[in-house]
Amino acid sequence: PERTMVILHGLLGNRTNWRTFAKKLREDLGGRYGILLADLRNHGESVAPAHFDLHTIDEAADDVTALAEELDLSFDVVCGHSLGGKIVCRYLDRVGLSGRVAPPRQVWMLDSYLDSTVEGGQGGMENQRDSVLQILEMTRELVPPFTSRRSLVEQVVQRGHSELIAKWLTTNLRYVTPGDPSSGLAWTFNIDNIFDMYYSYLQCEVWGVLDDPPGGAAIHAVRAEDSSRWTHEVLSRFNVSHQRSGGRSQLHYLLDANHWVHMSNPVALRRLLVPHLETLLE
């Protein structure tokens, strides 16, 4: 591949959530991009509580740097959804500390909460049936082991959440005893560490990076039409960043999409990404 791109999932997600999208995006780009999907710490196959002492946005950003160093690659494009969006933004700001990895040329923040708020606040995301905090609190209440994935879906739906959210949560299950279905299913993550990452996400400050993207990078923020993360204050502040950055921080509006942009309107998202990614192939 001529260029390399890494995609980071959001809270309680994992890299498999983006597999189909990444495959089609690579096809749209004629195979000229290599696309890596990575599990964030405390997610998917990156679960190692004894190894990870802290669960913050900056620690996760440094994990991306460590990945690039291990692979001996400089990621041309870093893309993150929701929590992953703030991680790639902080990665842009911190990767220069490595000295071994070149900064990305494009950063994509897909429907991320760009502002910062005090602990306990939810950044305007609290008035939804499937709000992040409601899901996290419910996850803490659901005590494993679960007899089956279907059993978990039923319990989640009974608590008033959508079946889509319930099925998505089942991607975070593993057998209590590896390879033994009779042992039941448990969460792959540590819920306390997940809460730590969530509050770090809310509190993380990224406006300084958006005002003056390091290394001459372009930052593309994507706003989903049906998303509660884009308050008037956030939009006004982004306009300031757009001006201060000389247009290097740009905001895109994705129609007919909710927060789950890669699922609600993947075609439109790919059509948005491809022309910008192709500029790096010229």
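This is a predicted model: local features need pLDDT of at least 70, side-chain atom pairs count only at pLDDT 80 or more; totals for chains, interfaces and linings use all residues.
Colleague: How are two packed helices described?

Modeller: Two packed helices are described by the angle between their axes and the distance between those axes. Here the axes are lines fitted to C-alpha atoms, for helices over the stretch in contact, and the angles run from 0 to 180 degrees between N-to-C directions. The helices (H or I, at least four residues) and strands (E, at least two) are DSSP runs numbered from the N terminus. In this model, helix α1 (residues 19-28) packs with helix α11 (residues 266-278) at an angle of about 45 degrees, their axes being 10 Å apart.

Colleague: Which word describes how α1 and α11 lie to each other?

Modeller: Angles under 35 degrees count as roughly parallel, over 145 as roughly antiparallel, 65 to 115 as roughly perpendicular, and the rest as oblique; α1 and α11 are therefore oblique to each other. The crossing of α1 past α11 is right-handed, a term used if the near helix is turned clockwise from the far one by less than a right angle, whereas anticlockwise gives a left-handed crossing.

Colleague: Which residues of α1 and α11 meet?

Modeller: Contact means heavy atoms within 4.5 Å, and on the α1 side Phe-21, Lys-24, Leu-25 and Asp-28 meet residues of α11 that include Pro-266, Leu-269, Arg-270 and Leu-273. By class, this contact of α1 with α11 has seven nonpolar, no polar and four charged residues, where Ala, Val, Leu, Ile, Met, Phe, Trp, Tyr, Cys and Pro count as nonpolar, Asp, Glu, Lys and Arg as charged, and the others, Gly among them, as polar.

Colleague: At what angle do α2 and α3 pack?

Modeller: Helix α2 (residues 57-71) and helix α3 (residues 83-94) pack at about 65 degrees, with axes 8 Å apart, and α2 and α3 are therefore roughly perpendicular to each other. α2 passes α3 in a right-handed crossing, and the contact involves, among others, Ile-57, Ala-61 and Val-64 of α2 with Ile-87, Arg-90 and Tyr-91 of α3. The residues of this contact divide into eight nonpolar, one polar and five charged.

Colleague: How do α4 and α7 cross?

Modeller: The axes of α4 and α7 come within 10 Å and cross at roughly 165 degrees, which makes α4 roughly antiparallel to α7. The crossing is left-handed, and residues including Leu-133, Leu-136 and Arg-140 in α4 meet residues including Ile-191, Phe-195 and Tyr-198 in α7. By class, the contact of α4 with α7 has eight nonpolar, one polar and three charged residues.

Colleague: Is Leu-136 buried or exposed?

Modeller: Buried means under 20% relative accessible area, exposed over 50%, and partly exposed in between (1.4 Å probe, protein chains only); at 0% relative accessibility, Leu-136 counts as buried. Leu-136 is found in helix α4 (residues 132-141), whose buried residues are Leu-133, Ile-135, Leu-136, Met-138 and Thr-139. What covers these buried residues of α4 includes α5 (149-158), α6 (163-169), β6 (180-187) and α7. Leu-136 and Leu-11 are 125 residues apart in sequence, yet 9.8 Å apart in space, C-alpha to C-alpha.

Colleague: How many residues does the largest nonpolar core have?

Modeller: A nonpolar core is a set of buried Ala, Val, Leu, Ile, Met, Phe, Trp, Tyr and Cys residues joined through side-chain atoms within 4.5 Å. The largest has 61 residues, and those with the most contacts inside it are Leu-12, Ile-87, Tyr-91, Leu-114 and Leu-169. α7 gives the most to this core, with eight residues. Another core, of 25 residues, lies apart from it and has Val-77, Leu-110, Ala-224 and Leu-272 among its members.

Colleague: What does Asn-193 contact?

Modeller: Asn-193 is found in helix α7 (residues 191-203) and is buried, with a relative accessible area of 12%. Leaving aside neighbours within four places in sequence, Asn-193 is in contact with Asn-42 and His-55.

Notes
Residues are numbered from 1 along each chain as its sequence is written. Side-chain values use heavy atoms; hydrogens and water are left out.
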